[in-house]
Amino acid sequence: MSPVVYNDTLEAVNHILSVLDVLRQFKSLDTVLDRILLEARRLTCADAGTIFMVEGGRLVFAHVHNDTLFSDEDVIKHGYLKASLPIDDTSISGYAANHGVVVSVDDAYAIAPSFPYQFNTRFDERTGYRTRSILALPIKSSTGSVIALMQIINSQSPDGQHVPFSAEDQTLLNLLAGHAASFIENAIVTRELVLRMNKMAELRDPSETGMHVQRVGAFAAEIYHRYAKLRGVADDEMKRRKDLLQIAAMLHDVGKVGVSDLILKKPGKLTFEEFETMKLHTLFGARLFAHPVSELDAMAYEVALYHHAKFDGSGYPGLVQNVMEDSLVGLVPLAGHDIPLSARIVSLADVYDALASRRVYKPAFPEDMTLAIIRDGTGKHFDPDVVSAFFDIHDIILAIRDKFGNIASNQLLNT
């Protein structure tokens, strides 16, 4: 992170306003939270930080930054930590969330024993890091409830010396958090709407679980991140498209709501005619986004329509001119880089999740078998460059699996 040094408070406030303009374009909760944490650290020249979401009465880790310890890949992987803290008075963050107040600590190792909260030294002992100053700040919704908690660590002076967080730091972060809360709320609403759309599909097809679509969305976003990094895509453009893809990928199979229960819930293998009908879910899904009013709509259209296309041209539905048609007969095969990148990535993310999951007709495949199938499909089913990006971030893929529950499932998937 490059810290920003401001000449005066007005300049810092203007920067916050520019940050809010950037946040306005993001749809994914992960992207919004990551950017808020980054900008909070920039405002205060902080070396590290964590942002938590309030879920089920606990503080759930959402993003963790540490410039001293973490590479870019480490930051991403730690963003999928499956860990939480109680909202009570025993920890600094728990106290701040429990009482809805800002807590500033000049030296984590010098908190008076009379204070209700104390600093947990385990992370420092395990990593060799030295936590000094801490600022924990609750982020409140429009109704005044705490929806997130931001904790930033080790403020630094321009010459790199560790210093306490100042009163001005608290004022600037309160301003950022107060306005950023609305973007967090909007992102939560977007996520819930997407999950509810998939819930409709889940009522028809029991394979379309909330965990499945969240895994596929996260897999796709991180595969794209690596793919774009390798190609030198500008950071702002990469984050913008990654943000869109995470949401669009979650909507990949929403068109299954248009397919008969007799097919979706059939316990055995589909007949040729049934499978031809199943293929129409790509058209049904695309129809929901056929008149795009945003970039998200346009990407969701691509993903819904073409996530079953194969790199060698043997997939479906082929090149579609009119999604309102109810036939896939006679379509020109779609192959290679003519398939939209978003769909090529989601294709791999979706198949990986299906292979690694338990279904009524098969157990969850061991990881080595799943990876072997993907390797064998390189250049045939999958774009080789997308596969390469996938293997580059396999440890992140495993972290995503861990965060979004047991990937194994008793549910049926007809693809």
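Student: How do the residues of the lining of the largest pocket divide into nonpolar, polar and charged?
Tutor: Keep in mind that this is a predicted model. The lining of that pocket has 15 nonpolar, 12 polar and 3 charged residues.

Student: Which elements give two or more residues to the lining of the largest pocket? And what is its volume?
Tutor: The volume is about 810 Å³. Lining residues number 30, and those nearest the centre are Phe61, Leu85, Asn120, Phe123 and Gln151. Strands E1, E2, E3 (84-86) and E6, together with helices H4 (92-99) and H5 (122-127), each give two or more residues to that lining.

Student: OK, E1 then. Which strands does E1 pair with?
Tutor: E1 pairs with E2 (residues 58-66) in the antiparallel sense, over 8 bridges. With E6 (residues 146-155), E1 is joined by 7 bridges, also running antiparallel.

Student: Could you give me a residue pair for each? What stands opposite Met53 in E2, and what is the bridge partner of Phe52 in E6?
Tutor: Met53 faces Val60 in E2, while Phe52 is partnered by Leu149 in E6.

Student: How many residues lie between E1 and E2 in the hairpin?
Tutor: There are 2 residues between them, and Gly56 in that turn has a positive phi of about 60 degrees.

Student: Why is E1 said to be largely enclosed by the rest of the structure?
Tutor: Because 8 of the 10 residues of E1 (residues 46-55) are buried, the strand is largely enclosed. Buried here stands for a relative accessible area under 20%.

Student: Switching topic: what's the volume of the second largest pocket, and which residues are closest to its centre?
Tutor: It comes to about 670 Å³. The lining of the second largest pocket counts 29 residues, with Asp34, His65, Val75, His225 and Lys239 closest to the centre.

Student: What does its lining look like by class?
Tutor: The second largest pocket is lined by 14 charged, 8 polar and 7 nonpolar residues.

Student: Which element supplies the largest share of that lining?
Tutor: That is H2, with 7 residues. H2 (29-44), E2, H3 (72-78), H7 (210-230) and H8 each supply at least two residues of the lining of the second largest pocket.

Student: What caps the N-terminal end of H2?
Tutor: Ser28 does, with a side-chain oxygen 3.3 Å from the backbone nitrogen of Asp30.

Student: And what happens just after H2?
Tutor: Cys45 follows there, with a positive phi of about 55 degrees, although this residue is not a glycine. Cys45 sits in the loop between H2 and E1 and is buried, at 13% relative accessibility.

Student: What about H8, how far does it reach?
Tutor: H8 (residues 235-250) reaches 23 Å from first C-alpha to last over its 16 residues, close to the expected 22 Å. Its buried residues include Met238, Arg240, Lys242 and Asp243.

Student: Now the loops. Where is Ser141, and which side chain does Ser141 contact?
Tutor: Ser141 lies in the loop between strand E5 (134-140) and E6, and is buried at 11% relative accessible area. Its side chain makes a polar contact of 2.8 Å with that of Thr143.

Student: Last one: which peptide bond is cis?
Tutor: The one from Tyr316 to Pro317, with omega near 15 degrees. Pro317 is in the loop between H12 and H13. Ala309 is also placed in the loop between H12 (295-306) and H13 (341-355), and is buried at 7% relative accessibility. Between Ala309 and Leu334, 25 residues apart in sequence, the C-alpha atoms are 6.8 Å apart in space.

Terms used:
Residues are numbered from 1 along each chain as its sequence is written. This is a predicted model: local features need pLDDT of at least 70, side-chain atom pairs count only at pLDDT 80 or more; totals for chains, interfaces and linings use all residues. Side-chain values use heavy atoms; hydrogens and water are left out. Buried means under 20% relative accessible area, exposed over 50%, partly exposed in between (1.4 Å probe, protein chains only). Helices (H or I, at least four residues) and strands (E, at least two) are DSSP runs, numbered from the N terminus. Two strands pair if DSSP finds at least two bridges between them. The expected span of a helix is 1.5 Å times one less than its number of residues. On a 1 Å grid over the protein atoms alone, a cavity is a set of points where a 1.4 Å probe fits but cannot get out, and a pocket is an open set with protein on both sides within 12 Å along at least five of seven lines; lining residues have an atom within 4 Å of a point. Grid points are joined across faces, edges and corners, and a volume is the space filled by probe spheres set on the points. Ala, Val, Leu, Ile, Met, Phe, Trp, Tyr, Cys and Pro count as nonpolar, Asp, Glu, Lys and Arg as charged, and the others, Gly among them, as polar. A polar contact is a pair of N or O atoms within 3.5 Å; within protein, one must be able to donate a hydrogen and the other to accept it, and residues adjacent in sequence count only if both atoms are side-chain atoms.
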